[in-house]
Protein chains: 4
Amino acid sequence: MVVDLRSDTVTKPSEAMREAAKNADVGDDVYRDDPSVNELERRAAEILGKEAGLFVPSGTMGNQVAIRTHTDRGQELLADEHAHVLKWELGAVAQLSSLQTRLLDFGESAVPTPEQVREGIVEESLHEAGTGLFCLENTHNYRGGVAISKAEIDAAAEAAHDHGVPVHLDGARLFNAAESLDTDAAELAENVDSVMFCLSKGLGAPVGSMLVGEQEFIDRARRTRKLFGGGMRQAGMIAAPGLLALENRGHLAADHRRAERIAEGLGEIDGIETAEPDTNIVVADVAGTGLNAEAFVGEIEQHGVLAVAFGETTVRFTTNWDVTDGDVEGAIDSVRTAMAER
Amino acid sequence: MVVDLRSDTVTKPSEAMREAAKNADVGDDVYRDDPSVNELERRAAEILGKEAGLFVPSGTMGNQVAIRTHTDRGQELLADEHAHVLKWELGAVAQLSSLQTRLLDFGESAVPTPEQVREGIVEESLHEAGTGLFCLENTHNYRGGVAISKAEIDAAAEAAHDHGVPVHLDGARLFNAAESLDTDAAELAENVDSVMFCLSKGLGAPVGSMLVGEQEFIDRARRTRKLFGGGMRQAGMIAAPGLLALENRGHLAADHRRAERIAEGLGEIDGIETAEPDTNIVVADVAGTGLNAEAFVGEIEQHGVLAVAFGETTVRFTTNWDVTDGDVEGAIDSVRTAMAER
Amino acid sequence: MVVDLRSDTVTKPSEAMREAAKNADVGDDVYRDDPSVNELERRAAEILGKEAGLFVPSGTMGNQVAIRTHTDRGQELLADEHAHVLKWELGAVAQLSSLQTRLLDFGESAVPTPEQVREGIVEESLHEAGTGLFCLENTHNYRGGVAISKAEIDAAAEAAHDHGVPVHLDGARLFNAAESLDTDAAELAENVDSVMFCLSKGLGAPVGSMLVGEQEFIDRARRTRKLFGGGMRQAGMIAAPGLLALENRGHLAADHRRAERIAEGLGEIDGIETAEPDTNIVVADVAGTGLNAEAFVGEIEQHGVLAVAFGETTVRFTTNWDVTDGDVEGAIDSVRTAMAER
Amino acid sequence: MVVDLRSDTVTKPSEAMREAAKNADVGDDVYRDDPSVNELERRAAEILGKEAGLFVPSGTMGNQVAIRTHTDRGQELLADEHAHVLKWELGAVAQLSSLQTRLLDFGESAVPTPEQVREGIVEESLHEAGTGLFCLENTHNYRGGVAISKAEIDAAAEAAHDHGVPVHLDGARLFNAAESLDTDAAELAENVDSVMFCLSKGLGAPVGSMLVGEQEFIDRARRTRKLFGGGMRQAGMIAAPGLLALENRGHLAADHRRAERIAEGLGEIDGIETAEPDTNIVVADVAGTGLNAEAFVGEIEQHGVLAVAFGETTVRFTTNWDVTDGDVEGAIDSVRTAMAER
Ligand SMILES: [Ca+2]
Ligand SMILES: [Ca+2]
Ligand SMILES: [Ca+2]
Ligand SMILES: [Ca+2]
Ligand SMILES: [Ca+2]
Ligand SMILES: [Ca+2]
């Protein structure tokens, strides 16, 4: 038996989602004729408290469409040195938007202080590319699925806005943050200018992410999406299950509870250090096992547990709705066995 | 009643496709774990006679991924002045691949002579950006759905290859060309280096296009797709109906027959000139009606016929599997009435 | 003895220019503290009838700074298929400004009709990159140093302006055009938005070109120049001789007379066809000699005449102030001898 | 009387340089026909211990030509967060080379440890842009003209080379570093792949910088220079004084002595903190005066001392050969008076 804890991107669609795909009312979305896409875009905006939404094939596209739409060439992007948009999107901010990146160290809290934001912002001058966009990430993937509170987001966003710099929120797992903080996603998004969130991760949809913001912004983003090749035709076939995913988010609490159990269970194994997770992501430091991350991942894979090497000695385990309580206990046992047998 | 002849992109999925979506075997395609996508990619390559395939969310992405993967920055792209990749893809060749475009006039045949190709190719020098890619389009959309023969493609491609320039074929409607020429798509693709074709147009699939080429090329294209945000997760939900579309292409002949009837019927109307179409696209010159294309399209829309303004006085009518023989006769009658009532 | 007719870029500075360099009042031009540069920029603008000027190290930089300053990414540049900015500037319009190029065939007159301009302009839409700039070239290098009249420029520029498209004039040899047309350069420049002209070609300066336009445009262009690395320090050392070159243009008439003599003399040689030149550039078709351009250039180089292969069978000869009447007669004799001895 | 301590870019050419300009042997450098440029390029390479050299109009161009020539699009540049190439070159690394920037904090030593370099390097993967270039800066401008030793450079460069990453050295003031460290510039450059150094700063030349490296690299860099518009014609007029500047570097020691005196003198003023400078740059922290940098610079300008606001409360004073011992004492007195009179 294999327990797949690599990512919540691996979630498979429910039967209800499959039915929804089959019965979706569709049209050509490039002509805005797909009722299922239109409804999904309307609801996504509504739930996030924004004016309009846009369906995109991936989180990377949602982020990069937002980044290009907010900025002009010759500007800087201010973001965490471990931001997903910089770390795992193939240099797209430079490739697709010609932005220079100015990095901050967001630290363990995964959010900079207003002071840090202010210091990172560059005023445009004859010699200096001005800052065009500030990016936050919630939950913050690389920093361990950390959920950032509304107060922290608002303070950082206000610092950027004070200098006329718009704020994009990479909210690939924003609903995990909302669940963890016991608040609404709309609250967390209130003071940022745009939000990308993924339907296909913890929410369980097969394909797609949403970008939301002001109507005028989304109108321009639609054109950027077309430029990047993200304009799809009878996309209702995936939008309909996406809408189901968006409306049914009750299961996220269980994902978090299981992540907590994984952190606890792995933390009891010699050589593995874990912290209590905020959400569905557990980052374990395996330095004490004498293995680096790659080797550790290889070892436990042999015992049927799939995880992802994150840093030199850090390994990420992610729960999702296809992972049961039994899977969790089995995975902990298998990792313990794997380490014991070395 | 409305007859929608705007495009073959509006085709809605069949019941069989909807069932296929519902029952699709899926996985996370970014990890290469989606069996339906893997099978679709394998079959697409096989049918086109190439080593490997890549599923992409749109034809624009397929073309632009190919263009970037074939080239280095600082090169030129050689293509028809009316190529889709230049005309309706938002300047993506410059935006996403930093290529300078050198245009040829492919003329009515929609394919340049080897001599034209040779003259259009620029050798790299201290002062000159060398040609990095030559693009063909079959069928050629703007030039009226013209089908280009294997002999013509091969001659043009050979001229490019003689100068070490690779050839990409925008085959959005390549199976329409094959049907019209009574040949295999693989024959038409034999001497080009990569082909993009659309599942979502005449073939009737809800979403997606395919890029095929050599294994090494597709491996690199997969990374470019990721850069553009085209990496999807449980994409089998759309790949499965796409595979059905790919396997069942018998209906294209009827689309062509209906286009022929539209050309004939419209051509009998005063002020409208049409040529016999090669495939499912009819381009009518409406100059003789005293209306420009925009106004003409507006008039016939009032009579329930949807078409697309193409040039100053040219209008495109496109058949697809949702258009019946009755629709065709009705549309001709409606256009006649619309013109008579002016 | 060698007669160098490769280009007017080879002009060596006069003694007066060398003295001017030696005695130049200089400062740090990045701080705007160089009096010689400031005066050159002021005079260049005045002579061209524009508000402000900018000194740049090369004609390529002047053109490309103008192109980027006029446009936004995601737009099209409309220009002749044989424009210098596209042909010999290494794809810079795509590399440095991310512009897609739409080419016109300006034909023998080297200037498009208003109708051609209108047809080449693309309105921005969801699918189409709008036209951001229209470029003219006067004299037109590749088309044989053709001088375009004020009436022709104005008509083409008006067509662009009617669609809100600005016009840049590549006037590398604009003073040659003015001389040929017996008019002021300011007249020719009246209805374009920016002009680049070279000090270092026929005018004889050692280094540099000028960009002129409205104050607001030049202010932004200064920043683009800095981006491209064109901000120099005590640039008065080259600006001072440049100013001399600009003020003393009387010698251009003799360059044109000598070009006329070259055309006449070469045209009498068997196998060489020439047309009467407008300015200082003679393009000879050597097809009748049985040699291609490269081979022809190699042959005459052996007889002490330097020229440039332009097209397949066309060779360019350019007069400049270092070429005397004696040089001209000697060159004609040498070419005749070279052909006779084959 | 005004003492200009803004920058060493303001150095005016000596009489000998002016004579050299006047008498320069020149030709068209785009054709490689300028003997003065050729000799300057040869000598620059020789002095730095590299195979070949390239004359460029500015330090920004030299750096950006090197950066683009070393890299492919879709890569990362690893550099100090306060590197000149990122801070004051208008985002050129993203604009001109489409590179994503990964920043390190080089700290007070102005050079990262091998460990930091290793951690900053990203291996290319399906998700990650690989590191394409590592940049060092010596002396390091923003960090106070710090001179980095050969041992430190070599260790950092070796760490990069171990991962196959080339190293570019922004040596705008490399000869200041060599003077300070009592070594040869060639020693400092031995283990980096390319070096840019400025003729127009402390060395006193009117215009220009040099890029040196392997022959093959410089050949490609020449083409990049052309792309950026840096190809000049009779550039010997500025190359000849540049060569004089390069050969006569004995005066740098006095610049450093004067900077030391400025640091000492200013440091005795209440509210001003200075550290002993390595070279000709003094960075003073003026926080204790109750003024921010901009206000401080404004105050002392009123007393005839020109300096540059660097950070929030840091001000840069730079000596150069136009600054005498008397100027230094006068400037210290003036700053003291300015602070006393507040
Ligand atoms: Ca999923
Ligand atoms: Ca369809
Ligand atoms: Ca008719
Ligand atoms: Ca010259
Ligand atoms: Ca200087
Ligand atoms: Ca003190």
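Predicted model: local features only at pLDDT ≥ 70, side-chain atom pairs only at ≥ 80, totals over all residues.
User: How are residues, chains and ligands labelled, and what does the model count?

Analyst: Residues are numbered from 1 along each chain as written, chains are lettered from A and ligands numbered from 1 in written order. Local features need pLDDT of at least 70, side-chain atom pairs need pLDDT 80 or more, totals for chains, interfaces and linings use all residues, and side-chain values use heavy atoms, without hydrogens or water.

User: Why is B:Ile272 called buried?

Analyst: Buried means under 20% relative accessible area, exposed over 50%, partly exposed in between (1.4 Å probe, protein chains only). B:Ile272 has 1%, so it is buried. B:Gly267 has 35%, so it is partly exposed.

User: How do you know that strand S2 (residues 52-56) of chain C is largely enclosed?

Analyst: Five of its five residues are buried. C:Ala52, C:Leu54 and C:Val56 point one way, C:Gly53 and C:Phe55 the other. A strand here is a DSSP run (E, at least two residues), numbered from the N terminus.

User: What makes chains B and C a two-fold pair?

Analyst: A 180° rotation with 0.0 Å of shift along its axis superposes B on C, RMSD 0.0 Å. That is the relation of a two-fold axis. The superposition is by least squares on C-alpha atoms of residues with pLDDT of at least 70 in both copies.

Terms used:
Helix = DSSP H or I, 4+ residues; strand = E, 2+ residues; numbered from the N terminus.
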